[in-house]
Amino acid sequence: MALILSIETSTTNCSVALGKDGVLVSLKEDYNDQYSHAERLHVFIMEILEENKKKLSELDAIAISKGPGSYTGLRIGVSTTKGLCFSLDKPLISIGTLNSLAHQINSDGLIVPMLDARRMEVFSSIYNSDFKLQREIEAQILDETSFVEELNLGKVTFVGNGAPKFKEVCKHPNAVFVNKLPSAKEMVPLAEAKYKSDTFEDVAYFEPFYLKDFVAGKKKAN
């Protein structure tokens, strides 16, 4: 039973949630086409605590969405979380971004959370209707044959900002597309479960799960 602050910055949605005993107490989000995490994250954290008359010292733990996702977004979120956990001496909980994204869907079929990478590439994984992982996270190039085996077996819901990209090439009748961004809201019960099982990260050594190495750009040959 804990008071946990959850932070989600893996996409353009800067999202902060306060959870008590695994139940959402308060949520602040900024759905934007641009990354506003550097400007909004600390403001959201302080506002959500002030509005609920809580202090940072009263938190039992802080949870962070660990990726995959935007390199810059993850770096800001993880740096902020590590700084808070270190200064407050609070445990750090990490939640897989695709895992929490999958929890936005209630379905009797498979759930495929997918985040836009670049061009026709996405970060994706596969969960069943009970949110049990069926396929590990992959970076994959989408085409009309992607997920055809799963789709031939029944309904598959594709959720995330990579779903519209796949919708352009997938015309299978069993495919359902939901364009949503990860949110700290779904992290609340997941963070509570990890808190109860004492599943914490090492604050000093924890790093985001980028999945692929960050490439700033290649230098052109002369």
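Residues are termed buried under 20% relative accessible area, exposed over 50% and partly exposed in between, with a 1.4 Å probe and protein chains only. Helices (H or I, at least four residues) and strands (E, at least two) are DSSP runs, numbered from the N terminus. The structure is a predicted model, in which local features need pLDDT of at least 70 and side-chain atom pairs count only at pLDDT 80 or more, whereas totals for chains, interfaces and linings use all residues. Residues are numbered from 1 along each chain as its sequence is written, and side-chain values use heavy atoms, with hydrogens and water left out.

In α6 (187–196), the residues Met187, Val188, Leu190, Ala191 and Glu192 are buried. These buried residues pack, by contacts defined as heavy atoms within 4.5 Å, against β1, β2 (14–20), β3 (23–30), β4 (61–65), β5 and α3. Asp198, which follows α6, has a positive phi near 55°. Glu207 is placed in the segment after α6. With a relative accessible area of 52%, Glu207 is exposed. A separation of 20 Å is found between the C-alpha atoms of Glu207 and Thr12, which are 195 residues apart along the chain.

Strands of a sheet pair through backbone hydrogen bonds, in either the parallel or the antiparallel sense. Here two strands are taken to pair if DSSP finds at least two bridges between them. Strands β1 and β2 run antiparallel and are joined by six bridges, and Val16 in β2 is the bridge partner of Ile7.

Ser6 belongs to strand β1 (residues 3–8). Its relative accessibility is 1%, so Ser6 counts as buried. When residues up to four places away in sequence are not counted, Ser6 touches Ser15, Val16, Ala17, Ala63, Ala184, Met187, Val188 and Ala191. Among these contacts of Ser6, Met187, Val188 and Ala191 are buried residues of α6.

A further open sheet of five strands has the order β8-β7-β6-β9-β10, again with mixed pairing. Strands β8 (133–141) and β10 (175–178) stand at its edges with a single partner strand each, so that one side of each is left without a neighbour in the sheet. Neighbouring strands of this sheet are turned against each other by 20° on average, direction ignored.

Strand β6 is mostly covered, five of its seven residues being buried. Strand β6 (residues 110–116) pairs with strand β7 (residues 121–127) in the antiparallel sense over four bridges. In this pairing Met114 stands opposite Ser124, and Asp116 opposite Val122. The two strands form a hairpin with four residues between them, and Arg119 in the turn has a positive phi of about 50°. Strand β6 also pairs with strand β9 (residues 156–159), in the parallel sense and over four bridges; here Ile111 stands opposite Thr157.

Ile141 is located in the edge strand β8. At 59% relative accessibility, Ile141 counts as exposed. Apart from its neighbours within four places in sequence, Ile141 is in contact with Met120, Glu121 and Ser146. The C-alpha atoms of Ile141 and Gly160, 19 residues apart along the chain, are separated by 16 Å.

At least two lining residues each are supplied by β5 (92–95), α3 (97–102), β7, β8 and α6. The lining divides into seven nonpolar, five polar and two charged residues, where Ala, Val, Leu, Ile, Met, Phe, Trp, Tyr, Cys and Pro count as nonpolar, Asp, Glu, Lys and Arg as charged, and the others, Gly among them, as polar.

Terms used. Axes are lines fitted to C-alpha atoms, for helices over the stretch in contact, and angles run from 0 to 180 degrees between N-to-C directions.
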